[in-house]
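Please keep the sequence and the model open while reading.

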Amino acid sequence: MKRKIVVIGSGLGGLVTSYLLTKQGDTVTILENDVRPGGSLQSFYRDGVRFDTGFHFVGGISEGGPLYQFFKDLNLTSLEWKELDGQEIWCNGKCYSIPAGKKKWLDYLTKEFPHQKSNLEKFVNVCEEVTLCHFDKTMPYWEKNAWEWLCETIDDPELRDVLSGSSLLTELNRKTLPLFAFGEIVYSYIYSSHRMVEGGKPIIDHLLNYVLNAGGEIHCSKRVVRVVEEDGHVTGVKTQDGDFYPADIIVSSIHPTQTMGLLADDSSMRKVYRRRLSKFTNSLGCFTGNLKLKKGMIEMRDKPVYVHAPNSDLWSYDGNPIEHILIHFYPEQDALDFITPISWEYVKKWQDTTVGNRGEEYENYKEQIMNQCIDLAEIAIPGLRKAIVKYWSSTPLTWRDYLGSENGTSYGICKDCNSPESTILLPRTPLSGLYLTGQSIILHGIMGTTISGFITAEFLKQQ
């Protein structure tokens, strides 16, 4: 018998879960708060230039890579991907142009740091081991402190920075980051890196069309305001416009704290579970700059470029001052954007404002951050400022207002190696019929969100 399943949110987590549940024979209805599906997979246009929201490139999808089988099962490997030539990392004013592929990666860094050859081999082998380990056996890596392991493995401080340099948005925290989160994401980009020329739209269309062609539905501009339950089991959801969608099972791909906010005060959900979720720490948000450039004035790279200010600390950072940026180029369009992590605390004063109505102080703040980012980017791209035709910017407030992100967080809940059991969420909740998916379950980013969809679908398959 087909089950009626309502999926809240159509970001990557919601779409992957919907695809897999449809494949299992369930009937899926997706409810999306925004006017368009896709969440941070979406692109947007400014002055005729297409910019990506959150999906710029993905690691480890080539054959044998950590994401390959997942993408193959979703039939995403059939889409048109462009392979990137590794990554460029700037530390203390020096450029490291690191190729992708385990052997090439090792050969390059061994040449740069010959005295660290055996340490580099140990580093990459452990990261590979972490990545390929069956999930049921990963707990020792969750319990291991990533920073302590890095210091035990690599005794050259400059090399430690280089190896950490592509983990800009992993939130490198000395005290809490688990080795599993660090190693899994680092290794995916060591293995390979790809992008889509058209951004995330082909992924959205592919996953969504599969659901729709099988009889599923999607309704946009539908804000869910209540999870309805009866006798301790969910029965459906209500939307802001008063509509009711019946369901045997509800899967929420929005932030777990926001999911708890959809429950009535007298819900059957255990109070201890709700209190646990309310105490979680969210990852940092992002300041993003989108730049339209004069044609031919700067060298366009078809790889991600990470720039870290000289003498900056990658493992202790909250976004003030601006010391780290990730630059993504659009070679086909003479444009680029950059992302820098930033704490919600720096924009919190404007949290009660709306888009376009935040005032002069907010606009001045954005201009200040933008100029700091351009200055930092010019370490890798001399003459960038003179090449700019026009630019736009966004802050964690933008992520909150457009994507529904809790306090503007870009990557959901932070994991803690000191208490991994309390920060790793399973899809099943104590409320019968209510499940979670998305980047707050296991890991963030494309990898974590994709894997969460498979884990959630597997849980539901066993019901």
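## Ser394 and strand β19

Ser394 lies in strand β19 (strands are DSSP runs of E of at least two residues, helices are runs of H or I of at least four, and both are numbered from the N terminus). Ser394 is buried, with a relative accessible area of 13% (buried is under 20%, exposed over 50% and partly exposed in between, with a 1.4 Å probe and protein chains only). Apart from neighbours within four places in sequence, Ser394 is in contact with Cys286, Phe287 and Thr288 (contact is heavy atoms within 4.5 Å).

The model is predicted: local features need pLDDT of at least 70 and side-chain atom pairs count only at pLDDT 80 or more, while totals for chains, interfaces and linings use all residues. Residues are numbered from 1 along each chain as its sequence is written, and side-chain values use heavy atoms, with hydrogens and water left out.

## Strand β15 and its two partners

Strand β15 covers residues 285–293 and is mostly covered, with eight of its nine residues buried. Six bridges join β15 to β19, and the two run antiparallel (strands pair if DSSP finds at least two bridges between them). Gly289 has Ser393 as its bridge partner in β19.

Strand β18, residues 335–342, is also antiparallel to β15 and is joined to it by eight bridges. Here Lys292 stands opposite Ala335 of β18. In a regular strand, side chains alternate between the two faces of the sheet.

## The seven-stranded sheet

β15, β18 and β19 belong to an open sheet of seven strands, in the order β8-β7-β16-β17-β18-β15-β19, with mixed pairing. Its edge strands are β8 (94–98) and β19 (388–394), each of which pairs on one side only. Direction ignored, neighbouring strands are turned by 20 degrees against each other on average (axes are lines fitted to C-alpha atoms, for helices over the stretch in contact, and angles run from 0 to 180 degrees between N-to-C directions).

Within this sheet, β7 (residues 87–91) and β16 (residues 305–308) run parallel and are joined by three bridges. Ile89 stands opposite Tyr306 in β16. Helix α7, residues 157–164, lies across β7 and β8 and runs at about 140 degrees to β7.

## Two helix pairs

Helix α6 (residues 146–153) packs against α7 at an angle of about 135 degrees, with the axes 10 Å apart. α6 and α7 are therefore oblique to each other (under 35 degrees counts as roughly parallel, over 145 as roughly antiparallel, 65 to 115 as roughly perpendicular, and the rest as oblique). Trp147, Leu150 and Cys151 of α6 meet Arg160, Leu163 and Ser164 of α7. By class, this contact has four nonpolar, one polar and one charged residues (Ala, Val, Leu, Ile, Met, Phe, Trp, Tyr, Cys and Pro count as nonpolar, Asp, Glu, Lys and Arg as charged, and the others, Gly among them, as polar).

The axes of α3 (residues 102–112) and α4 (residues 117–132) come within 10 Å and cross at roughly 150 degrees. That makes α3 roughly antiparallel to α4. The crossing of α3 and α4 is right-handed. On the α3 side the contact is made by Lys102, Trp105, Leu106, Leu109 and Thr110, and on the α4 side by Lys117, Leu120, Glu121, Phe123, Val124, Asn125 and Glu128. The classes in the contact of α3 with α4 are six nonpolar, two polar and four charged residues.

## The five-stranded sheet

Another open sheet has five strands in the order β10-β2-β1-β14-β20, with parallel pairing. β10 (217–219) and β20 (434–436) stand at the edges with a single partner strand each, so one side of each has no neighbour in the sheet. From one strand to the next the twist averages 20 degrees.

Strands β1 (residues 4–8) and β2 (residues 27–31) run parallel and are joined by five bridges. The bridge partner of Lys4 in β2 is Thr27. Helix α16 (residues 445–461) packs on this sheet and touches β14 (249–252) and β20, its direction making about 155 degrees with that of β20.

## Leu41

Leu41 is in the loop between β2 and β3 (43–46). Leu41 is buried, at a relative accessible area of 3%. Beyond its neighbours within four places in sequence, its contacts are Leu12, Leu15, Phe55, Gly200, Lys201, Ile203, Ile204 and Ile446. Leu41 and Gly200 are 159 residues apart in sequence, yet their C-alpha atoms are 4.8 Å apart in space.

Technical notes:
A crossing is left-handed if the near helix is turned anticlockwise from the far one by less than a right angle, and right-handed if clockwise.
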